[in-house]
Amino acid sequence: MINTLMSKTTSLWQRFKSAAADVLDFQSRVWVVNIRSSTLQDESFVVSEDNFKQPLQWMKKKQFEEEMLEKVEAMKVSQVLVFHIEGVRYRLLRVK
């Protein structure tokens, strides 16, 4: 009985730690974004979630589709994703 109670407590604690880490991770994610709308227009900059009010706020503002947002949400550090939205290419590199 004590082992079962300890196991449940440990499991609950692990879930809490995982959820807390996810919340903290959201506020610390950083991407280098390259946007290319034509052969003459190519810009790169850093997008940091430090000042976001919700996860992926910048991507939502740029009208990323739900499937794209799911892929960005699952990105690992150093992973690159490329999306095309209305003739514009967005290349995202997660750096943190």
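Start by selecting glutamate 49 and arginine 29: they form a salt bridge (a side-chain nitrogen of Lys or Arg within 4 Å of a carboxyl oxygen of Asp or Glu), with the closest N and O atoms 2.9 Å apart. Glutamate 49 sits in the loop between β2 (42-48) and α2, and arginine 29 in the loop between α1 (2-28) and β1, 20 residues apart. Helices (H or I, at least four residues) and strands (E, at least two) are DSSP runs, numbered from the N terminus.

A word on the model: it is predicted, with local features needing pLDDT of at least 70 and side-chain atom pairs pLDDT 80 or more, while totals for chains, interfaces and linings use all residues. Residues are numbered from 1 along each chain as its sequence is written, and side-chain values use heavy atoms, leaving out hydrogens and water.

Now show all of α3 (residues 66-73), where Met68, Leu69 and Val72 are buried (under 20% relative accessible area; exposed is over 50%, partly exposed in between; 1.4 Å probe, protein chains only). The face turned away from the buried side carries exposed Glu66 and Glu67.

Finally, select methionine 59. Leaving aside neighbours within four places in sequence, methionine 59 is in contact (heavy atoms within 4.5 Å) with Trp31, Phe64, Leu69, Val72 and Leu92.
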